[in-house]
Amino acid sequence: MVEVFTPFLMILLTWNDRDPDASMTILQRTYIDEATCQKAGKERLILIEEDRKSRIEKFKVEQVKTENAKFFCIPQSPNIIKYRPLVTED
């Protein structure tokens with residue numbers, strides 16, 4: 001029996017609503033399956049929100065209140081394409 005795993009790519013976006021273009025950051029991680037990816041994304045959002053709340057209390061800056069985060073889990077192709085520059089593909 002051969003097991004085929006389809007890895008999932010988690011894309012985590014964080015930004016500030018006041019200036020999303022300048023503040024957007026992207027983090028990418030690969031997970032073995034969708035359930036693991038979803039769990040990791042939800043855990044990461046909880047950590048981000050806890051950090052944001054602690055910074056709001058500590059610094060009392062209005063800008064921190066407008067920070068946002070979102071994640072996506074996207075299935076990746078199980079096929080790996082090897083780059084071979086000396087071999088031409090027809």
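Where is the place of arginine 18? Arginine 18 sits in the loop between E1 and helix H1 (20-23), and we will come back to that loop in a moment.

First, some housekeeping, friends. This is a predicted model, where local features need pLDDT of at least 70 and side-chain atom pairs count only at pLDDT 80 or more, while totals for chains, interfaces and linings use all residues. Residues are numbered from 1 along each chain as its sequence is written, and side-chain values use heavy atoms, with hydrogens and water left out.

Now the fold. The protein chain has two helices and three strands, and along the sequence the pattern reads β-α-β-α-β. Helices (H or I, at least four residues) and strands (E, at least two) are DSSP runs numbered from the N terminus. Of the 90 residues, 19% count as buried; buried means under 20% relative accessible area, exposed over 50%, and partly exposed in between, with a 1.4 Å probe and protein chains only. Among contacts (heavy atoms within 4.5 Å) between residues at least 6 apart in sequence, 65% join residues at least 24 apart.

Let's look at helix H2, residues 34-59. At 1.5 Å a residue, taken times one less than the number of residues, its 26 residues should span 38 Å, and the end C-alpha atoms are 37 Å apart, which agrees. Buried in H2 are Cys37, Ala40, Gly41 and Arg52. The buried residues of H2 pack against strand E1 (8-16), strand E2 (25-31) and strand E3 (67-75). Just after the helix, lysine 60 takes a positive phi of about 50 degrees.

What makes up the largest nonpolar core? Six residues do: Phe8, Met10, Leu12, Cys37, Phe71 and Cys73. E1 and E3 each supply at least two residues of this core, and E1 gives the largest share, three residues. By nonpolar core I mean a set of buried Ala, Val, Leu, Ile, Met, Phe, Trp, Tyr and Cys residues joined through side-chain atoms within 4.5 Å.

On to the largest pocket, with a volume of about 160 Å³. Its lining includes Thr14, Trp15 and Asn16, along with Arg52, Arg55 and Glu67. E1, H2 and E3 each supply at least two lining residues, and H2 gives the largest share, six residues. For the record, a pocket here is an open set of points on a 1 Å grid over the protein atoms alone, where a 1.4 Å probe fits, with protein on both sides within 12 Å along at least five of seven lines; lining residues have an atom within 4 Å of a point. Points are joined across faces, edges and corners, and the volume is the space filled by probe spheres set on them.

Back to arginine 18, as promised. Arginine 18 is exposed, with a relative accessible area of 52%. Leaving out residues up to four places away in sequence, arginine 18 touches Glu62, Gln63 and Thr66. Its C-alpha atom and that of lysine 65, 47 residues apart along the chain, are separated by 10.0 Å.

And a last stop at threonine 30, in strand E2. Is threonine 30 buried or exposed? Threonine 30 is exposed, at 55% relative accessible area. Beyond its neighbours within four places in sequence, threonine 30 is in contact with Pro7, Phe8 and Leu9. Thanks, everyone!
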